[in-house]
Structure formats: C-alpha cells, structure tokens
Amino acid sequence: LHMGKTMKEDLMVVVKYIKQLYPPEFNVFGTYAELYHSYFASQAKENAMSPLEDKDIYLLLSWVHNIYPKDMRKDRVLAEELEKVKLGSLLPSSLSKELEKKYLDSEEATIKNSLSKCLEKEIQRWKEDKEPEKLNGHFQSELLAIFVIQSIYSGQKRAKEISTAVGEELSRRLWQELPAFLRSYKDAFEDFKERSKKHRYYKPILIANINNCWNFRDYTEKNMAEKDGNKASILSTLSDIENGGFDVLLQQLFAQLKPSYKKFTENKWDSSNEIMNEIIKTTSKHISDFRTLKDPFYQAIVEKIHARLVKEYIVRLLKRKVSLKTPTQQQNLAEKISKNAADLETFCTSNGSQATWLNSALPKLAEIIRLQDLGAIKIEVATLATTYPDIRKRHLEAFLYIKANLSRSELKSILGYLAESTASTPLGAPLFANINVS
C-alpha cells in the first residue's frame, strides 16, 4: 500500500511539474515510471516467492490483477502517459499462475470444509427433535441453504475481484462442489427418514427440509447455464430429496385410504357416494398438515394426491368384481362414477391441484360403461386412448368385464381398435402405466 501510494503520488508530481522542465526526447515520465515499476515488481516477486498465508496471496493477486492495473494505472491524470510506457504486469505470468492455483485450491478447500461443518450442525439440529421455525406459515430450516449459498456467492465475488478469469475458475470448481454437497445432504436426509420416525417433530422436520430445497433450486435456476451438466445433477438430487420427503408424508394417508377404496367393489358401488365422502374427509385432514409446505411443494403434493385418488379408483374398476348384464344397471353405475368423479375433481381443485389432465379419466370410463352402441363405444375408447396413451389392452379388457352384455366378437373388435389408436401416440403423463391388472 505504501509503495503503491508513493508511486502514484510521485508520478503525478512528474506529470504536473517535472516533465515540462525537460525536452520531450528525454522521456522523463517514462524513465521515472519504469524505475518505479521495476522496483515495485521486484518487491512483488520477492513477496510471491516467500511463504504466504491465504489472505496475503489474495492481497498480492488483487494488486497484480486489479489494484495496480486499474486503480493506479487508470488514474485520469496518469492513464494517458502510462499508456505510452507499456509497463507490463507486476509478476511474471508463470508466478502469477502459480499463486492463482494456490489461491483457488485453498479457497475451494476452505469452502468445502465450511459446507461440511454446516451440514453436520444441521444434522445435529434434526437429532434434537425441536419444532422448526415458521416463516409465513411454512416450516423452515433455511440456515443450511442460506449459509451454503452465501459461502458460494462470497467465494465467487472475492475471486471475481481478483480477475474475471480467476472468478470463472472458482465458480466452475464450486459448481462441481455443490452437487457433491447436495448428495451428502440427501444421504443424511435419507438416514434421518429411516432412523427418526418416532421423533415428535418428524413430519415438521421433513417438511422444513423439503422447503429447504426451494432456495437451492431457485439459486441454481437463476445462476447456472442450461448447458452446464452440474445444473441437471443439482436439480435431479433436489427432486430426489423432495419426492423422497413427499413419499414419507403420504404413506400414512394412502395406507388409511386403502380400506375405503376396497369398499367400492365389496358393496358393488351401491354406497359409492358415502365411500367417496369418507375418502375426501380422510384426505382433507392430511392436506391441512401439508399447508406448511411452501406453495410450489404444496401444489406438487396435492397433485400427487389427486393422481393417487384417481388411480386407486381406476384400480377398483379393473378388479373384475362387478359384471352388469343390462343397460339400466350399466347406466346406474356410470352415473355413480360420474358423481364420484365430479366430487373428486371439486375437492382436489379447491385444495389447489392444477392437474387438470386427470379430470377426464373417470368421466370417459363412465361414458364407456353407459354407451350401448358398438361404434360409439369405439369412438369413446379412441378418445380415452388419445388422452391417456399409456392405457393398454389388459387395462381395457379388465374394465370391459363390467359390460357383461358384450359378445366375444364385440369385445375383440373394441380391443383391436385400441391397439390401432395407440400405435403411434406418444406417451403423455402416466396414469395407467403403473396399474397392474391381476
């Protein structure tokens, strides 16, 4: 700092007062500048080759890349004259690169170590089994995400202040470190989910950690290029954490709903309205707990519930438990399915589901049961297959068991039409794909 200040002030005196006292060919300013630069560079080189602490390496690199060429040599009084002299860098390129590598290695190791310690503290907080804090009604455990993001951001900012190239290299390294850190986070979270089920605040901690992912996701989306392979890795790991949390949160609900769904076929759909009300009531109790999730995650879990409720209803329709011979019987069942479908759609939509692609599945199945004309049935089957291209012959065959008045040839004709209509249809959102037909 003393040398820099002295050099700058003295060269200003040369420009303002001394230069004009000599003939131009004496190049007085250039001579002074070269001598000052030579001494400054020799001192910088001597420092660079001696043992340095991390902060000293950072300061020296800041002088070489930033302070010396920008703050000193770009001074409005000196810039024009210094442009003519071409002084070069304070350090030889090889020595500068060596210092940069030391700095980058040290900074990367320091940040990596601090992230690891932060994760250990976070894991310890889970073990203490305390209710997480709430922010705007959402459970949060944001210290981890905030610390990690700030550590990476601060490291990148410091490095960029040395030079753009050093900043880019550290960013590249830290973008590789973040996926590794998140995999460690995911492993720790998986371990917590398995070992801590009896904790009093098990669910709130799960929810807080799912919410945690939003900060990482938002930061990654905004700061990483699409073509960066690390971005895909980070988002994939975050999805695993989120979906793993959702699965645990939904286990109890789906276990409780199973007996209710069985009642549909046990009662041959006679009490279907009461059973659907029971399903909705049970689901509603659980959904109220999920409102402590941040909005994107709340919507995601409600849509998972919506898909599961529709899927489980279809599963019961494919169980081959009900076989109706008369059009009147079939029409009565179709009306019940339509009513259940409408109640289910209203419930899910009112609770925030935007999975509108699910809404036509049950009404279309109800329409196939209601229709008696073979041509009309085929058209409805084709429409169903276009909307849900993952439906297969085995699904339709099990479903058509309900229509006992179809002849063998009519059944074969309808099934053949399905094969034709789905042959070239691209696979959309899966609904039937995960339904096994016994």
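Is Glu242 buried or exposed? In this predicted model, Glu242 counts as buried, at 7% relative accessibility. Its partner is Arg217, and the two form a salt bridge with their closest N and O atoms 3.0 Å apart. The pair ties together distant parts of the chain, since Arg217 sits in helix 8 (residues 202-223) and Glu242 in helix 9 (residues 229-266), 25 residues apart. Arg217 is buried too, with a relative accessible area of 15%.

Let's move on to a pair within one helix. Arg195 and Asp191 form a salt bridge, with 2.6 Å between the closest N and O atoms. They are 4 residues apart in helix 7 (residues 164-195), so about one helical turn separates them. Here Arg195 is exposed at 67% relative accessible area, while Asp191 is partly exposed at 38%. Glu83 and Lys86 also meet in a salt bridge, at 3.9 Å from N to O; Glu83 is partly exposed (45%) and Lys86 exposed (64%).

Salt bridges can also join up: Lys101, Asp105, Glu108, Glu169, Arg172 and Arg173 are linked in a network of them. The count for the model comes to 24 salt bridges.

Next, have a look at the surface, where Lys258, Lys262, Lys268, Lys319 and Lys321 gather in a patch of positive charge. Lys321 lies in the loop between helix 11 (295-317) and helix 12 (327-350), and is partly exposed at 48% relative accessibility.

Finally, the cysteines. A search of the whole structure finds 0 disulfides. For Cys213, the closest cysteine sulfur is that of Cys118, 14 Å away and therefore too far for a bond. Cys213 is buried, at 0% relative accessible area, and Cys348 is buried at 3%.

Technical notes:
Residues numbered from 1 in each chain as written. Predicted model: local features only at pLDDT ≥ 70, side-chain atom pairs only at ≥ 80, totals over all residues. Heavy atoms only, no water. Patch = residues over 30% accessible without salt bridge, like charges linked within 9 Å, V, L, I, M, F, W, Y side chains within 5 Å. Areas by Shrake-Rupley, 256 points an atom, 1.4 Å probe, with all protein chains shown as cover. Salt bridge = Lys/Arg side-chain N within 4 Å of Asp/Glu carboxyl O. Lys, Arg positive; Asp, Glu negative; His and termini not counted. Charge placed at Lys NZ, Arg CZ, Asp CG, Glu CD. Helix = DSSP H or I, 4+ residues; strand = E, 2+ residues; numbered from the N terminus. Buried < 20%, exposed > 50% of the residue type's maximum accessible area, 1.4 Å probe, protein only. Disulfide = S-S within 2.5 Å.
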